[in-house]
Amino acid sequence: MVLNYIWIGFFLLAAVCAVVQCVGGNTGVFADMMGSTFSNAKTAFEISLGLTGVLSLWMGVMKIGERGGMVELLSRGLSPLFSRLFPDIPRGHAATGHIFMNLAANMLGLDNAATPLGLKAMESMQGLNREGNATLAERGVISAEEAERRNATASNAMIMFLVLNTSGLTIVPVSIMVYRAQMGAAQPTDVFVPILLATLASTLVGVVAVSIWQRINLLQPVLLGSLGGLCALTAGCVWGLSQMDRSMVDEVSSLVANVILFGIVLTFIIAGMWRRVNVYEAFIEGAKDGFATAVRVIPYLVAILVAIGVFRASGGMDILMGGIEWCVEACGGDTDFVAALPTALMKPLSGAGARGMMVDTMAACGADSFAGRLACIFQGSTDTTFYILAVYFGSAGIRHTRHAVVCGLLADAAGIAAAIGVAYLFFG
């Protein structure tokens, strides 16, 4: 329901902004808006097409992991923690392993691997959702129509999982450092620690927001220890990488991420061989599921990207930035951060759009300017909330998102606020 209002709001705001632009003499704005609908629809299809191969690959690998027992093993090991964060998922269920694999890929900055793993996790959780509703319907507790409605409604576990994704916890933001190097930054890795601090703040706020909404007790020893361990791991990574020069950081980060990723693939294959699984057939079966999932995602991506494109083409983003700058000046605040805000506001809507805004800010203001560095911190502090919600919920046929959008945006707001704070602390 929330996505419905947001989607309508994009078009209504775009219409108002376009009328203002037209009255001001920009009569080509409506042509730009219509052009953006076609170009973004094409982009959505191309993204889905690009996902097809990656989804087929990783869902095939996950199927080998399931047959070889590795996903079950991960699930059992993580049950003490995940049974508290995801109390609706039975202990040892395969969904736990899928969730862990997705979060691990995100932390390592392996976006191409994280998406199909996340879709597999959603598939597992939707399976639980359907089984529970079918059981209630068979017992006469709810009607068949109510069971179908609940099947299209996000479960608590799905929402917690998606907010963890939208908070964008990334330990190794390699791609951002590469962009900074390409744009001529003297020290491309100088944003590493600020990004780590900002994304950690976003993740913690997201977890707390969902836990409060779902009445999850965060004072349990396991949860406190896990969150403390996450902070300690972050501090360890910061200290270790701070001892290296730029080239060494890039090399070590890339090596560790890819070794871990290939190690997962190899481990799953060996586990399958050990259990005498036909590894090739298992891979093919999983790959077929990946292709079907990519096709299901297309309409959801078209819907959200077209709405975002229309709003951008209408000049709404420029008007919004001008209004924010005026308000900050009126309050006597420093406006240096405003030049980087387009990246922050675009990030929940479109990863590619935010990346373009980041590069544009570095090109216009300089890679080592305050705005240039802050744009990079914004890019790494959160993830593409609406893209993730559209793709993940779309793949599972979820139409009623409940509090997922609100909690995801709270995490985004925390990441943005933390990014501004640490940017002034480190570079102000």
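How large is the accessible surface of the chain, and what share of it belongs to carbon and sulfur atoms? The surface comes to about 18,900 Å², and 65% of it belongs to carbon and sulfur atoms; areas are from the Shrake-Rupley method with a 1.4 Å probe, and for residues only the protein chains shown count as cover. Please keep in mind that this is a predicted model, in which local features need pLDDT of at least 70, side-chain atom pairs count only at pLDDT 80 or more, and totals for chains, interfaces and linings use all residues. Residues are numbered from 1 along each chain as its sequence is written, and side-chain values use heavy atoms, with hydrogens and water left out.

View 1. Helices (H or I, at least four residues) and strands (E, at least two) are DSSP runs, numbered from the N terminus. Of the 428 residues, 50% are buried; buried means under 20% relative accessible area, exposed over 50%, and partly exposed in between (1.4 Å probe, protein chains only). Take the contacts (heavy atoms within 4.5 Å) between residues at least 6 apart in sequence: 78% of them join residues at least 24 apart.

**View 2. Y5, W7, I8 and L12 make a nonpolar surface patch of about 430 Å².** Like charges are joined within 9 Å, and nonpolar side chains (Val, Leu, Ile, Met, Phe, Trp, Tyr) within 5 Å. I8 sits in helix α1, residues 2-23, and is partly exposed at a relative accessible area of 35%.

View 3. Rings of Phe, Tyr and Trp (its six-membered ring) pair if their centres lie within 6.5 Å; planes under 30 degrees apart count as stacked, over 60 as edge-to-face and the rest as tilted. F10 and F311 form a tilted pair, because their ring centres are 5.9 Å apart and their planes meet at 50 degrees. This pair links distant parts of the chain, 301 residues apart: F10 belongs to helix α1 and F311 to helix α12 (residues 279-313). Both F10 and F311 are buried. F426 and F427 are also tilted, with centres 6.2 Å apart and planes at 45 degrees. F426 is partly exposed at 39% relative accessible area, whereas F427 counts as buried at 19%.

**View 4. The largest nonpolar core has 87 residues, and F86 and M125 have the most contacts inside it.** Such a core is a set of buried Ala, Val, Leu, Ile, Met, Phe, Trp, Tyr and Cys residues joined through side-chain atoms within 4.5 Å. Helix α18 (residues 404-427) gives the largest share, 10 residues. Leaving out residues up to four places away in sequence, F86 touches I99, A157, M160, F161 and L164. A second, separate core of 14 residues includes V61, I64, A114 and A282.

**View 5. K63 is a buried lysine in helix α2 (residues 29-68).** Its relative accessible area is 11%. Beyond residues up to four places away in sequence, K63 touches K120, A282, E285, G286 and D289.

**View 6. A371 lies in helix α16, residues 370-381.** A371 counts as buried, with 6% relative accessibility. Apart from neighbours within four places in sequence, A371 contacts D336, A339, A340, T361 and C365. A371 and A423 are 52 residues apart in sequence, and 9.1 Å separates them in space, C-alpha to C-alpha.

Definitions and conventions:
Patches are made of residues with over 30% relative accessible area and no salt bridge: like charges are joined within 9 Å, nonpolar side chains (Val, Leu, Ile, Met, Phe, Trp, Tyr) within 5 Å. A salt bridge is a side-chain nitrogen of Lys or Arg within 4 Å of a carboxyl oxygen of Asp or Glu.
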